[in-house]
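These are my notebook entries on one structure. I set down what I looked up, in the order in which I looked.

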Amino acid sequence: MLGRVAVVGTGLIGASAGLAARRAGAGRVSGWDPDGDVLRVAAERGAVEAAGTLAEAVAGADLVVVAAPVAELPATVRGVLDAASQGCAVTDVGSTKSAVCAAAGGDGRFIGGHPICGAETRGPERASAELFEGATWFLTPAAGTGPGLLRRVHGFVTALGARPVAIDPDAHDRLVALTSHLPHVLANVLLNQAGASRIDGHDPLQAAGGSLRDMTRVAGANPRIWVDIFLDNREALAAALGDQRRRLEQVEAALAAGDAGFLARWIAEAAGNRRRLLATAYDDPGALQRLRVHLPDRPGVLAGIFQALGAERINVEDFEMEHLSTDRGGTLTILVAGEREAGRAANLLEAQGYGVVVAPVIDE
Ligand SMILES: NC(=O)C1=CN([C@@H]2O[C@H](COP(=O)(O)OP(=O)(O)OC[C@H]3O[C@@H](n4cnc5c(N)ncnc54)[C@H](O)[C@@H]3O)[C@@H](O)[C@H]2O)C=CC1
Ligand SMILES: O=C(O)C(=O)Cc1ccc(O)cc1
């Protein structure tokens, strides 16, 4: 039983938490956001019941979820702890944990939190009750955390479909510097580098293939969130960037020396690491096959393909649609488990007149 929940900051993550809490049977979900329009939309979407003030939202709650931008979290969490009852658990969803945990000053009611999921968008318009399904959700219990309150936050995270993982706040910040903040920095660097270049009159962005698109999905993500995250985690991020620079220098040196052996070993090491990365999302990543299908830009084409695969009971593990232009159509990438299934899917789509390229996701 989730009891009464309050959400402070009803943007993308806060409103998603509200929707998911309601779906999981929370008694009542009240919400507050300093932006009246955001709060109104969150309420219209059924994520929260709008409260007039932070104190009104928090009054009578068993659990408060603070979902404000990282720079606002220390002061907001302190304000929530002042307003909340002695038996109320308080958590947050911020992308960094050290500063907000320090600001809570050892108050046993606060347990930091961070769901590892999201979208390159913001605001309650895009909120979804399913956002947290299957996601890792870090929690930072401390020595003074009350066991009953930890059980409440743990139960809340589980009820939203996520997997709670306990971690020390500083370790959390070093870990996400590597897994999330560094990739976001590099996505912006890659696009700005290609975007600022002209090669013999050509704009590289007009001629980019799948690798640039795949590596820059998160470029340009919500600056209201990401400026705060980069600055708040600047130490761990600087260390990660320093290590990155040394690794790039190794590649530069191998290129200068024509060291094919180094390059082959380096690629093989990355293939092994990619297998371990995918193993967290797929049961047998080695069996995954990637089908690339070029599609015309016409309504119903995608539905037709999925219906045909569904009728043959071919399970689509994952897919992505890359739209090129109205004239050039787009590329559909489908992941299917097993060579036999991939072959069946390719035959089916070729019989419908599509060109299909099949390749293993991990090329041994
Ligand atoms: N977007 C994502 O993919 C993820 C974001 N996070 C974290 O979740 C938090 C919220 O991010 P989003 O929902 O994506 O951003 P958002 O921009 O959609 O929502 C943030 C909301 O916080 C409100 N806000 C600003 N100052 C506030 C204050 N002092 N008190 C209460 N609310 C305040 C804003 O008006 C806005 O509605 C951030 O700390 C972010 O680091 C965590 C995991 C994933
Ligand atoms: O995986 C990523 O880096 C994302 O882009 C989604 C995301 C964004 C912010 C977080 O704090 C956690 C996950």
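Entry 1: the whole chain. I count a residue as buried if 20 or more other C-beta atoms lie within 10 Å of its own, and as exposed if 12 or fewer do. By this rule, buried residues make up 33% of the 364 residues in the chain. I note that the model is predicted. I looked up the extent of the C-alpha trace, which spans about 65 × 55 × 40 Å along its principal axes. The chain has 13 helices and 12 strands. I then looked at contacts with a separation of 6 or more, and found that 68% of them join residues 24 or more positions apart.

Entry 2: the domains. The domain assignment divides the chain into domain 1 (4–167), domain 2 (172–258) and domain 3 (285–360). I took the centres of domain 2 and domain 3 over C-alpha atoms, and 30 Å separate them.

Entry 3: the sheet. In what order do the eight strands of the open sheet stand? I read the order as β3-β2-β1-β4-β5-β6-β7-β8, with mixed pairing. At the edges I found β3 (49–50) and β8 (163–166), each with a single partner strand, so one side of each has no neighbour in the sheet. Next I turned to β1 (residues 4–8), where four of the five residues are buried, so this strand is largely enclosed by the rest of the structure. Strand β1 pairs with β2 (residues 28–32) in the parallel sense, over five bridges. For Arg 4, I recorded Arg 28 as the bridge partner in β2. I also looked up β5 (residues 89–92), which pairs with β6 in the parallel sense over two bridges. Here Val 90 stands opposite Phe 110 of β6.

Entry 4: helix α9. Which residues of α9 (residues 223–232) are buried? I found Ile 225, Trp 226, Ile 229 and Asp 232. Seen down the axis of α9, these buried residues fall within an arc of 135°, so they line one face of the helix. They pack against α5 (98–103) and α7 (169–195). On the face of α9 turned away from the buried side, I noted the exposed residues Pro 223, Arg 224 and Leu 231.

Entry 5: the ligands. I began with ligand 1, which is surrounded by 30 residues, the closest being Gly 9, Gly 11, Ser 95, Gly 118 and Arg 122. The elements that give two or more residues to this shell are α1 (12–23), β6 (110–115) and α9. By class, I listed 14 nonpolar, 11 polar and five charged residues around ligand 1. Around ligand 2 I found Ser 95, Ile 116, Cys 117, Gly 118, Ser 180, Pro 183, His 184 and Val 218. This shell has four nonpolar, four polar and no charged residues. For ligand 2, I found that domain 1 and domain 2 both contribute to the shell, so ligand 2 lies between them.

Entry 6: one loop residue. I looked up Asp 283, in the loop between α11 (260–279) and β9 (288–295). Is Asp 283 buried or exposed? I counted 9 other C-beta atoms within 10 Å, so Asp 283 is exposed. The C-alpha atoms of Asp 283 and Ala 337 are separated by 9.5 Å, although the two residues are 54 residues apart along the chain.

Technical notes. Residues numbered from 1 in each chain as written. Chains lettered and ligands numbered in written order. Predicted model: local features only at pLDDT ≥ 70, side-chain atom pairs only at ≥ 80, totals over all residues. Arc of directions from axis to C-beta. Contact = placed C-beta atoms within 7 Å. Near = placed C-beta within 6 Å. Nonpolar A, V, L, I, M, F, W, Y, C, P; charged D, E, K, R; others polar. Domains from an automatic or database assignment. Pairing = 2+ DSSP bridges.
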